[in-house]
Amino acid sequence: MSYRRLPSLSALRAFEAAARHESAKQAAQELSVTATAISHQVRGLEETLGIALFVRKPRQLELTSQGRELLQVLEGAFDSISHAVERLSAVPVRQTITLSTTPAVAVRWLLPWVCLLRDSHPDIDLRIHASHEPVALDGVTADIAIRYGDGRWPGLVAEKLFDNTFIPTCSPRLGLHEVAHLPLHPLIHFSSQGAISSPLDWAAWQKEAKVPGLDVSAGLVFSDETHAISAAVGEQGVALMSRQLIKDELEEGRLVQPFGPAFEGKPFFLVYPESRRDDPTILAIREWVKSVPGGLCAPSP
């Protein structure tokens, strides 16, 4: 058998991670080393090969044509090695995946149905990252997300899940039926500084409804939608909430929509990187999210 002349495997691995992320810093996080170590390995590889693999720009690494060719070969080789190890390993390989979404979607929809994912994919460990602020889907902070917005995120696949209709809502025990009586009740507000865009608020609703004597700046303010919903159920006032997120309370009669108008907010999307469109773990989470009961993926009434 002829001797294979190969560069350092550590250098090849460092290059593949840096090329995939286009960042030495993110490659370092993936491989649990320093960015300096990644840079040193890549430069050593370039010296060994006698070619430039990257055009180095501020805060970004851009592959040269030779770098792209090497990356394509390494991705296939590393995938083959990974698949072989998984097949031969006596212990099943567990996959950890992080899904980022808003606290309300996590608590009020996903968490009660994690059992479905566990039953269908017991080898996947799900982590929920609850935040109103969109995070990088870089495989470090998160892998996949449920976001609300216009569905246009460069480099990401966005699949619409459900619309986001905002309605006035309150406990039926308040006895509120006519919009003219709204100024007699406290308003409940939801406001999050980290949100990608603010949900429709009472000020926007008032522009359409034009209710005399309504002070849209007064009332209770919560930074968490679930707290605002609890306050409305607890007869603390009238909230402007996403109909889809209070579906159970409306069906059970704990909350009612006393009057309109209703407003259409930005829809929710399932979002993941285009580069991971065929990733088995991503596909498993996608399948689970789309099968979760409760109506969020169904057309709005």
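Trainee: Which residues of helix H8 (residues 225-233) are buried?

Mentor: This is a predicted model, in which local features need pLDDT of at least 70, side-chain atom pairs count only at pLDDT 80 or more, and totals for chains, interfaces and linings use all residues. Residues are numbered from 1 along each chain as its sequence is written, and side-chain values use heavy atoms, with hydrogens and water left out. Helices (H or I, at least four residues) and strands (E, at least two) are DSSP runs, numbered from the N terminus, and buried means under 20% relative accessible area, exposed over 50%, partly exposed in between (1.4 Å probe, protein chains only). In H8 the buried residues are Glu225, Thr226, Ala228, Ile229, Ala231 and Ala232.

Trainee: Which residue with a positive phi follows H8?

Mentor: The phi to look for is near 65°. The residue that follows H8 with this value is Glu235.

Trainee: Which strand gives the most to the lining of the largest cavity?

Mentor: A cavity is a set of points on a 1 Å grid over the protein atoms alone where a 1.4 Å probe fits but cannot get out, and its lining residues have an atom within 4 Å of a point. Among the 13 residues that line the largest cavity, those closest to its centre are Ser131, His132, Pro134, Ile146 and Arg147. Strand E3 (95-101) and strand E5 (144-148) each supply at least two lining residues, and the one that gives the most, with four residues, is E5.

Trainee: Is Cys170 buried or exposed?

Mentor: Cys115 has a relative accessible area of 29% and is partly exposed. Cys170, with a relative accessible area of 0%, is buried.

How values were computed: 1 Å grid on protein atoms, 1.4 Å probe; cavity = no way out; pocket = protein on both sides within 12 Å on 5 of 7 lines; lining within 4 Å.
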